Amino acid sequence: MAESESGADKSEEPTEKRRRETREKGQIARSRELNTLAVTLAGAGGLLVTGGSLANMMMGLMRFNFSLPREALLDEGSMVLWLVDSGKMALDAIMPLLLTLLAASIIGPIALGGWLFSAEAMAPKFSRMNPLEGLKRMFSPKALVELFKALGKFFVLLLVALGVLISDKHALLSIGSEPLDQAIMHSVQVVGWSALWLACGLIIIAAVDVPYQLWDSKQKLMMTKQEVRDEYKDSEGKPEVKSRIRQLQREVAERRMMAAVPDADVVITNPTHFAVALKYDPSKGNAPVLLAKGGDFLALKIREIAQENKVTLMESPALARAVYYSTELDREIPAGLYLAVAQVLAYVYQFKQFRAGKGKRPAPLKDVPIPPDLRRDE
């Protein structure tokens, strides 16, 4: 198990924030051996595919430069043009191979870790110029791993090279007795296949290095329990700050809620523990909306504001509890309470008509129908 600089065990998986910040710094898994393998394989493959045309074009270039007319040799301007033409011919000959190597040099690094451009990783780090830090890196476990990788690469390539030389011994000896054109083509073929076999030898090194780089990168990302807690505090805020924010949010919500009580059609009470303020506006919705609700001290405050603004107060303990627990602020009441609230609003309307001298005093409501799933007992 990895340890931090403080000695604590890094036993926790890295958080998404830790992964993101590490990637922004350019600290992701990379394998030099995979990059070398990709470039070597591409070079060997490109040499085998384009080797014939490359050899023919280079032989043509040699003939072109060794068949200079006497006039060109004596004319400095002609020599410059001749040199430019020779450069174009050489570039045309080697361009396919160069493009192949360029593609491999781009694909190799992004095959492990993906595409990444980090300005922070490119910035100069003056700490690397510290001799003590340099000595520490030289004798670090990572340096030891790199040493073993280099030795392993050396012995693997040595064995592959010996095998290639032994297998191509007769082909190499026969080149000396072949005509020039045939010998050049044969040489390109032998070099291409030899490079391909050497590149295949690098597969063994890359197969060991890639899993190690992935493991090493993950170990560096691992976090201690304290680091996880500190990151949570930084991202979510300290508990006391969060508590203060929630308190301020509640105060703002309460002020907004109290400001809406005067617009209510009725305030239904428990009568002391709960109070809910309802308003029904047919033009804005199909059901009454909860403007305010509260318990204990907040319920008392709602009743006081309702009395000051001559909003009808009505005691219905079961309905007050049902609305309080089932409905959020500024939301319509659930369908199960439509009938009960409709009876209350009808009573309020009849009572207002009575107070205005336009009707008889309505009979007090006794029990309003509340579905069992919405009923809340104290």
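Buried here means under 20% relative accessible area, exposed means over 50%, and partly exposed is in between, with a 1.4 Å probe and protein chains only.

Before going on, the ground rules. This is a predicted model, where local features need pLDDT of at least 70 and side-chain atom pairs count only at pLDDT 80 or more, while totals for chains, interfaces and linings use all residues. Residues are numbered from 1 along each chain as its sequence is written, and side-chain values use heavy atoms, with hydrogens and water left out.

Now the overview. The protein chain has 14 helices and four strands. These are DSSP runs numbered from the N terminus, helices being H or I with at least four residues and strands E with at least two. Of its 378 residues, 30% count as buried. Among contacts with a separation of 6 or more, 72% are between residues 24 or more positions apart; contact means heavy atoms within 4.5 Å.

Next, helix 2. The axis of helix 2, residues 32-65, comes within 7 Å of the axis of helix 9, residues 180-221, and the two cross at roughly 175°. Axes are lines fitted to C-alpha atoms, for helices over the stretch in contact, and angles run from 0 to 180 degrees between N-to-C directions. Helix 2 and helix 9 are therefore roughly antiparallel, the term for angles over 145 degrees. Their contact has 21 nonpolar, seven polar and five charged residues. In that classification Ala, Val, Leu, Ile, Met, Phe, Trp, Tyr, Cys and Pro are nonpolar, Asp, Glu, Lys and Arg are charged, and the others, Gly among them, are polar.

Helix 2 also packs with helix 4, residues 76-110, at about 170° and with the axes 8 Å apart. That pair is roughly antiparallel too, and its contact has 20 nonpolar, 10 polar and two charged residues.

Gly 52 is partly exposed, at 25% relative accessible area. Its C-alpha atom is 9.1 Å from that of His 186, 134 residues away along the chain.

Strand 1 (266-269) and strand 2 (274-279) pair in the antiparallel sense over four bridges; to pair, two strands need at least two DSSP bridges between them. In that pair, Val 266 stands opposite Leu 278.

Thr 312, from the opening question, is in strand 4. Beyond four places in sequence, Thr 312 is in contact with Asp 265, Val 266, Val 267, Val 348 and Lys 352.

Last, the cores. A nonpolar core is a set of buried Ala, Val, Leu, Ile, Met, Phe, Trp, Tyr and Cys residues joined through side-chain atoms within 4.5 Å. The largest has 23 residues, and Val 266, Ile 268 and Leu 278 are among those with the most contacts inside it. Helix 14 (338-355) is one of the elements giving two or more residues to this core, and its seven residues are the largest share. A second, separate core of 16 residues includes Met 257, Val 261, Leu 298 and Ile 305.

Note on methods:
Parallel < 35°, antiparallel > 145°, perpendicular 65-115°, else oblique.
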